[in-house]
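Please look at the fold below before reading my comments.

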Amino acid sequence: MARTRSDIAVPDLSGKLAVVTGASDGVGRGLAARLAAAGAEVVLPVRNPAKGEAAIAAIRQQHGRAAVSLRELDLSSLGSVTALAAGLLADDRPIHLLVNNAGVMTPPARQTTADGFELQFGTNHLGHFALVNLLLPLLRAGRARVVSQISVAADRGTINWDDLAWERSYDGMRAYRQSKIAMGLFGLELDRRSRAGGWGITSNLAHPGVAATSLLQARPEVGRDKPTLGGRIIRTLGPRGILFGTAETALLPALYAATSADAQGGRLYGPGGFQHLSGAPAEQPVYPPLRSEDDARRIWQVSEDLTLMRFAQ
């Protein structure tokens, strides 16, 4: 892969096991490819096996010796999350890197997961919350670094505590912000609890800025039959280096957060350019909606109650 001015060097990851959700295309596939190129063995848990096979073929075409493999995962189903975790636990191999990257964005109409949660909250946050919970023994064994991919949308908005499922007044973007705020609060609280409990896990946050990824494209599975207007604008300007990034640059903050010796737990990394929309990765102030430790403890408790999964202390 050609290096851009924004690119970063990745240390040798030989002997490391990495898990990257949402790696069948876009940012996730790019992340998986970069980790594999650095020597990591990379597991791609995917919802669509055909897309997953295509991703693996593309990664191996780039990096002939890449150690990449597929597992099935639908984050909108706690049963699927449990099945994936059971398989990885049966392998009994420490996990050194986990990138919670998969997500859905702004379905035109309210949808629910297999377990009855609003689709974005259930997929983006609760699915990853459950995954980390179930994989905790392997993450602790690998003294893992966990990176949760949030969004510039989490810079504002709130948790709709009185109607987490958006049953009374669905707003796709507000629900998306809530899912990413919840994910960010969880990622920061995970780092605090790990340090307090001696879990050995380092947890931080990343965001990709704004780039032309599949989130804003036609997604029949969420009821969108054509790209959004915003997606079309971003896809036009990003490759020209105007304001927005590309899928190749958008992966860099999470790659930095996952692999750099300078990336620390409890921090947020994103593009360092204008308005943090694109550019080389850099540490950024934690977004205001993510700063309340009370909110972080509350979303942790709510998430345990909704998933019926308790973190071992």
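**Notes on the fold**

1. Of the 313 residues in the chain, 56% are buried, where buried means under 20% relative accessible area, exposed over 50% and partly exposed in between, with a 1.4 Å probe and protein chains only. This is a predicted model, in which local features need pLDDT of at least 70 and side-chain atom pairs count only at pLDDT 80 or more, while totals for chains, interfaces and linings use all residues. Residues are numbered from 1 along each chain as its sequence is written, and side-chain values use heavy atoms, with hydrogens and water left out.

2. Nine helices and eight strands are found in the chain. These are DSSP runs (helices H or I, at least four residues; strands E, at least two), numbered from the N terminus. Among contacts between residues at least 6 apart in sequence, 72% join residues at least 24 apart; a contact means heavy atoms within 4.5 Å.

3. The largest nonpolar core has 50 residues. Such a core is a set of buried Ala, Val, Leu, Ile, Met, Phe, Trp, Tyr and Cys residues joined through side-chain atoms within 4.5 Å. The members that touch the most others are I95, L135, L139, I150, L190, L290 and F311. At least two residues each come from β1 (17-20), α3 (78-91), α4 (119-141), α5 (172-197) and α9 (293-307). The most, 10 residues, come from α4.

4. Which residues does L290 touch, not counting those up to four places away in sequence? They are I150, I181, G184, L185, L188 and L205. There is also a second, separate core of 35 residues, with V27, A36, I56 and A258 among them.

5. Helices α4 and α9 pack at about 90°, with axes 10 Å apart. Axes are lines fitted to C-alpha atoms, for helices over the stretch in contact, and angles run from 0 to 180 degrees between N-to-C directions. The pair is therefore roughly perpendicular (65 to 115 degrees; under 35 is roughly parallel, over 145 roughly antiparallel, the rest oblique). From α4, F121, H125, L126 and F129 meet I299, W300, S303, E304, L306 and T307 of α9.

6. Helix α1 (residues 26-37) packs against helix α8 (residues 252-259) at an angle of about 40°, with the axes 10 Å apart, so α1 and α8 are oblique to each other. L31, R34 and L35 of α1 make the contact with L252, A254, L255 and T259 of α8.
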